[in-house]
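Dear colleague,

Please find below the structure I promised to pass on to you. My notes on it follow directly after.

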Amino acid sequence: MNLAIMDALLNPQYWLTMAANHPSFWALWLALLIHWLLPLSANYSPFQYWQQYALILADQVNQPTDPKRQRKLAGGLALALMCGTLAILLIATRELVWFRPLFDALLLWLALDWRNIDTFSQAFADAIEQHDKGTARALLANRVNRETESLSIVGLGKAGAETLLLGTARHGACVIFYFVLFGGVGALLYASLVRLARVWSPSRLTFYPFGLAVARLLNGLDYVPMRLFALLFALDRSPLTHLKACWQQGKRWRTPGPGWLLACASSRFQLSLGGPAIYQGTKTLRTKIGSGVTPACYHLLLLRQKLRVSMLIWIAFSALCLLIV
């Protein structure tokens, strides 16, 4: 009996049959292939219109003179309006298309931004190596809400490492995680929420407390996939040490999911991350993670390589889950 099972598992025809019966498996690989070869530029991404509409809506309902409770309620209702409308539109469209796997692959391709983060990391590391602070600040400003004009090489290294880690996790690993659970609709809804959270970020006084609802929802959605990705990132030399750092330092970060990943990377490469950041002229105190060296070009390239390997393993496990389920 065991030999028969082993023979079946080792038979390529068995796996081809399994893949043919699971169209989401092919949708995943098709979207990843297109994304890696033809990444969607920010200039052509539909998310730019999504974010513009979010700003227009916020201008109408987020009034600085309103009471704090009313602004918080307005943020929750605006979030429900935008994401609810998009969810209804995507679900209805999926019911009408003639080939759903192709539609799911298209939605996943639109949701992914891993390739652009990878390209950013190489360009940013080159700028840090050449001490080109102007280029590094410009590259970073396109990815974060914090002010970058006053950042030194030390601050740029920290911010760049954090952006690379969290960007890869959010725009790559988490998107794929929700694709496995809810298909292309789930992946695109998550990616839309990430963009919405950046536009309405409560770290900027203009959107506090209006953006608390979207920030808390995103933190909740990040909780499981970010921690799983951190555990995968820890699978290297001395994994127990890295996991201990995740538990001890990650829980002190303001958001538990990203905190685990930052603490794991800090422990793995002996880096110093976190610390104060400036948003719209206001200094925000953030928890310091790790007590190692400040990330330099060498560390950024190591992080990029490690993240690439972790993403490949993550994709392989995700594909296997699609075959099994």
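**Helix contacts and the nonpolar core**

In this predicted model, Pro225, Leu228, Phe229, Leu232 and Phe233 of helix α10 meet Leu303, Lys306, Leu307, Ser310, Met311, Ile313 and Trp314 of helix α13. The residues of this contact comprise 10 nonpolar, 1 polar and 1 charged. Helix α10 covers residues 212-233 and helix α13 residues 297-324; their axes come within 10 Å and cross at roughly 115°. The two helices are therefore roughly perpendicular to each other, and α10 passes α13 in a right-handed crossing.

The pairing of α9 with α13 has another geometry. Here the axes come within 10 Å and cross at roughly 5°, which makes α9 roughly parallel to α13. On the α9 side, the contact includes Gly157, Gly160, Ala161, Leu164, Leu165 and Thr168, among others; on the α13 side, the residues include Leu300, Leu303, Arg304, Leu307, Met311 and Trp314. The contact of α9 with α13 divides into 16 nonpolar, 5 polar and 1 charged residues.

I then turned to the core. The largest nonpolar core has 94 residues, of which Leu165, Leu196, Trp200, Phe229, Phe233, Leu261 and Leu303 touch the most other members. Helix α9, residues 153-199, gives the most to this core, with 24 residues. Leaving aside residues up to four places away in sequence, Trp200 touches Ala54, Leu55, Leu57, Ala58, Gly75, Ala78, Leu79, Met82, Phe207, Phe210, Gly211 and Val214.

Two further residues deserve a note. Met226 is found in helix α10 and, at 0% relative accessibility, counts as buried. With residues up to four places away in sequence again excluded, Met226 touches Leu166, Ala169, Arg170, Cys174, Gly257, Pro258 and Leu261. The C-alpha atom of Met226 is separated by 27 Å from that of Leu205, 21 residues apart along the chain.

Arg268 is found in helix α12, residues 256-269. Its relative accessible area is 16%, so Arg268 is buried, the cut-off being under 20%. Not counting residues up to four places away in sequence, Arg268 touches Phe233, Asp236, Arg237 and His242.

With kind regards

Note on methods. Residues numbered from 1 in each chain as written. Predicted model: local features only at pLDDT ≥ 70, side-chain atom pairs only at ≥ 80, totals over all residues. Heavy atoms only, no water. Axes fitted to C-alpha atoms, helices over the stretch in contact; angles between N-to-C directions. Helix = DSSP H or I, 4+ residues; strand = E, 2+ residues; numbered from the N terminus. Parallel < 35°, antiparallel > 145°, perpendicular 65-115°, else oblique. Left-handed = near helix turned anticlockwise from the far one by under 90°. Contact = heavy atoms within 4.5 Å. Nonpolar A, V, L, I, M, F, W, Y, C, P; charged D, E, K, R; others polar. Core = buried A, V, L, I, M, F, W, Y, C linked by side-chain atoms within 4.5 Å. Buried < 20%, exposed > 50% of the residue type's maximum accessible area, 1.4 Å probe, protein only.
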